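What follows is a walk through the structure shown below, taken feature by feature.

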There are 2 protein chains.
Amino acid sequence: MAADAEVGPARAPLSRDRVLRAAVRIADDGGLGALTMRRLAEDLGAEAMSLYYHVANKDEVLDGIADAVGREINEVVDALDVPSAGPQWKQAVRRRILAAREVLLRHPWVPAVFETRAAMSPEILRYHDRLLGLMRDGGFSYDLAHHALHALGSRALGFSQELFTPAAGGGGAGDGDELADLAERLPNLAGLLEHISHDDPGSTLGWCDDQEEFEFGLDLLLDGLDRLRERSSS
Amino acid sequence: MAADAEVGPARAPLSRDRVLRAAVRIADDGGLGALTMRRLAEDLGAEAMSLYYHVANKDEVLDGIADAVGREINEVVDALDVPSAGPQWKQAVRRRILAAREVLLRHPWVPAVFETRAAMSPEILRYHDRLLGLMRDGGFSYDLAHHALHALGSRALGFSQELFTPAAGGGGAGDGDELADLAERLPNLAGLLEHISHDDPGSTLGWCDDQEEFEFGLDLLLDGLDRLRERSSS
DNA sequence: GTCGTAAGGTTTACGTTGTAAGGTAACCAT
DNA sequence: ATGGTTACCTTACAACGTAAACCTTACGAC
């Protein structure tokens, strides 16, 4: 009867699920660049080629971790219970998106993965389906809801590509000369920076609050959509 | 006197500029994946390692081509001459962004490059500086203009990350069973698709007009910003 | 029992990538 | 002439994704 349990340290059964879970952890810790088939195998106590028994190739790993994060998001937002009828749609959508954002902040590599994915993850599709449902509850026509999803874009999931980071340009130690030159070539940004540092001295660097800016942009869109909703339903 | 021009086919002087120009062309033709140091050198009639005399590494090439596209954009939008005073700011900003978009559509790899860049390209900084200038002309406070740049995000340059492509999910040949299952799991998207195909039969696939959706989202933001502008200036 | 089969894992190896190290040929001031 | 700089090439290497083949265990049929 003791024939079953013996040698003991049979390290790992190794499954598609375990592979993807490990992949997410690696990306969380070291970024996408750290996510290598060999490294992934090492973390699982196996060899690189063994992974190919559970995933077709690295691309499928990327698809898989995108979907895994999608599932994580859906688990969180499904637990939300916010009334969405009529004018309440806005709060419902807002809460949901900010909850999704919290998940994505734990996985900062996700935007880069989405950028390279052609097909859409089933979980992300599901997320959009529910979001569309909330808008329909709020009285959106199909057309308007459809436009809305496109208008939100990546913001629907809680992130947005930030191209504008004033500090990143003239970073670090700005000599007087360089700074003057910069102010001449970029008069408006220079004025903006001066205004800000005057307003809130000691914070010329890293003064952009990502969360605040995200919510500002989100509210701008949601308010605009609400106006269109009201206009179309009257 | 004829000592200078002799052997003739001295293939190329090879400069940083030529390197970047070739890099842009390769990315345009074959995507970012085709952009290899060896391929780049080959296109220039040189060897891979020769490139390192003009650029520090591949990362600098990517920085360089991003900046090159930025310059191309600035050349186009600088030629624009649209009045921006007062309420005219919106048309000015709109025209500028749509012009930038036209350039970016010729270089579809740019969003992916921006995603991986930490520091901001000088030309892109300049672009944002001018955009900010237009808003200031329109009467924006520094604070509002700053929020506006963040709210526009990548849309300021004419693109937006599309995560939502309904057709991409259940692509191709949908069997009746699969389709029914999909409709059950994604009732709202199914309803949307049905509505669309009813409205415009024969176009259940590839029915999203990117340009139209982009302009819708852009106008939504610009209209919202205009309202904030009017409220703050009254 | 034992044997065939197949699933799960490993070994080895190949082509491609970015790039470090060092060589070479041309030119230019001394 | 000569030494130094500038531009380019040759060789080489480590890391990557993954194809091909091989080993190993488990198990049902007989």
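A:Arg231 is exposed, with a relative accessible area of 61%. In this predicted model, A:Arg231 belongs to helix α11 of chain A. The residue is one of a group on the surface: A:Arg227, A:Arg231, B:Arg227 and B:Arg231 form a patch of positive charge there. Two elements each give two or more residues to this positive patch, namely α11 of chain A and α12 of chain B.

With a relative accessible area of 43%, B:Glu212 is partly exposed, because it falls between the 20% limit for buried and the 50% limit for exposed.

From the surface the account turns to the interior. Helix α8 of chain B covers residues 142-152, and ten of its eleven residues are buried, so the helix is largely enclosed by the rest of the structure. The buried residues of α8(B) are B:Tyr142, B:Leu144, B:Ala145, B:His146, B:His147, B:Ala148, B:Leu149, B:His150, B:Ala151 and B:Leu152. Their packing partners come from both chains: chain A supplies α10 (187-199) and α11 (210-233), while chain B supplies α5 (89-105), α7 (122-137) and α12. Just after α8(B) comes B:Gly153, with a positive phi of about 55°.

Contacts across the chains can also be followed from a single side chain. Which residues does B:Leu192 touch, not counting those up to four places away in sequence? They are A:Leu132, A:Tyr142 and A:His146 from chain A, and B:Phe164 from chain B. B:Leu192 itself is placed in helix α11 of chain B, residues 187-199. Its relative accessible area is 0%, so B:Leu192 counts as buried.

The relative accessible area of B:Asn74 is 3%, which is why it counts as buried. Apart from neighbours within four places in sequence, B:Asn74 makes contact with B:Glu123, B:Arg126 and B:Tyr127.

Backbone geometry is the next topic. A:Leu14 has a positive phi of about 65° although it is not a glycine. The residue lies in the segment before α1 (16-30) of chain A, and at 13% relative accessibility A:Leu14 is buried. In chain B, the phi of B:Leu14 is near 65°, again a positive value in a residue other than glycine. B:Leu14 is located in the segment before α1 (16-30) of chain B. Its relative accessibility is 14%, so B:Leu14 counts as buried.

Finally, chain A can be described as a whole. How many helices and strands does chain A have? There are eleven helices and zero strands, and read from the N terminus the order of elements is α-α-α-α-α-α-α-α-α-α-α. Of the 234 residues in chain A, 45% count as buried. Among its contacts between residues at least 6 apart in sequence, 72% join residues at least 24 apart. The chain exposes about 12000 Å², and carbon and sulfur atoms supply 50% of that area.

Key
Residues numbered from 1 in each chain as written. Chains lettered and ligands numbered in written order. Predicted model: local features only at pLDDT ≥ 70, side-chain atom pairs only at ≥ 80, totals over all residues. Heavy atoms only, no water. Buried < 20%, exposed > 50% of the residue type's maximum accessible area, 1.4 Å probe, protein only. Helix = DSSP H or I, 4+ residues; strand = E, 2+ residues; numbered from the N terminus. Contact = heavy atoms within 4.5 Å. Areas by Shrake-Rupley, 256 points an atom, 1.4 Å probe, with all protein chains shown as cover. Patch = residues over 30% accessible without salt bridge, like charges linked within 9 Å, V, L, I, M, F, W, Y side chains within 5 Å. Salt bridge = Lys/Arg side-chain N within 4 Å of Asp/Glu carboxyl O. Lys, Arg positive; Asp, Glu negative; His and termini not counted. Charge placed at Lys NZ, Arg CZ, Asp CG, Glu CD.
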